[in-house]
Amino acid sequence: MTPRAKIRSILRIVARAGGVRVQDILGHGLDRRVVAARQVAHVLVAKHLGITGPTALGRAFNRDHSTVINSFLAIERALAKGDTPKAVLYRTAEAKIAAVVIGPLAPHAELTDGFRQARKKHMHDAGYIDPQGNIICNP
């Protein structure tokens, strides 16, 4: 299966699990269910295709890299909280994707670490972190 076909399959599974349309996930709507599905799709596409950089994933979804970084952080927070609707959607979609057997999985910890590093670099480049790593509140 080609990477593009894998992305389409993941989008269909996430859309069905989230009760939204694929067009909504790829669109710019801000409805809570659509945003949750979009964030889940970002993480699952990265995980199942082994994409470790937010810029490449952002290009696949026509999004900025900071949006993709935020998706990873949002899913990470939802999973840490437990059974939030976003965490349930993530687990449901992930189980359905695993049942379809789309391909080998990239380790989730490596993905999140890569996105954390990218976020820190982005914040440093934007002037929110000084050279010693301290966060600057008002750059």
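## Helix packing and nonpolar core

Of the 139 residues of the protein chain in this predicted model, 41% count as buried. The chain contains seven helices and zero strands, and its pattern along the sequence reads α-α-α-α-α-α-α. Among contacts with a separation of 6 or more, 59% join residues 24 or more positions apart.

| Property of the protein chain | Value |
|---|---|
| Residues counted as buried | 41% of 139 residues |
| Contacts (separation of 6 or more) between residues 24 or more positions apart | 59% |
| Accessible surface | about 8000 Å² |
| Accessible surface belonging to carbon and sulfur atoms | 55% |

Two packed helices are described by the angle between their axes and the distance between the axes. For helix 1 (residues 3–18) and helix 3 (residues 32–49), the axes come within 9 Å and cross at roughly 145 degrees. The crossing of helix 1 with helix 3 is right-handed. In this contact, P3, K6, I7, I10, L11, V14 and G18 of helix 1 meet R33, A37, V40, A41, L44, V45, H48 and L49 of helix 3. By class, the residues of the contact comprise eleven nonpolar, two polar and two charged.

The largest nonpolar core holds 27 residues, and those touching the most other members are V14, I25, V40, L44, V45 and L57. Two or more residues each are given to this core by helix 1, helix 3, helix 4 (54–61), helix 5 (65–81) and helix 6 (85–100). Helix 3 supplies the largest share, nine residues.

V14 belongs both to the contact of helix 1 with helix 3 and to this core. Leaving aside residues up to four places away in sequence, V14 touches I25, A37, V40, A41, L44, L89 and A93.

Notes: Residues are numbered from 1 along each chain as its sequence is written. This is a predicted model: local features need pLDDT of at least 70, side-chain atom pairs count only at pLDDT 80 or more; totals for chains, interfaces and linings use all residues. Side-chain values use heavy atoms; hydrogens and water are left out. Axes are lines fitted to C-alpha atoms, for helices over the stretch in contact, and angles run from 0 to 180 degrees between N-to-C directions. Helices (H or I, at least four residues) and strands (E, at least two) are DSSP runs, numbered from the N terminus. A crossing is left-handed if the near helix is turned anticlockwise from the far one by less than a right angle, and right-handed if clockwise. Contact means heavy atoms within 4.5 Å. Ala, Val, Leu, Ile, Met, Phe, Trp, Tyr, Cys and Pro count as nonpolar, Asp, Glu, Lys and Arg as charged, and the others, Gly among them, as polar. A nonpolar core is a set of buried Ala, Val, Leu, Ile, Met, Phe, Trp, Tyr and Cys residues joined through side-chain atoms within 4.5 Å. Buried means under 20% relative accessible area, exposed over 50%, partly exposed in between (1.4 Å probe, protein chains only). Accessible areas come from the Shrake-Rupley method with a 1.4 Å probe; for residues, only the protein chains shown count as cover.
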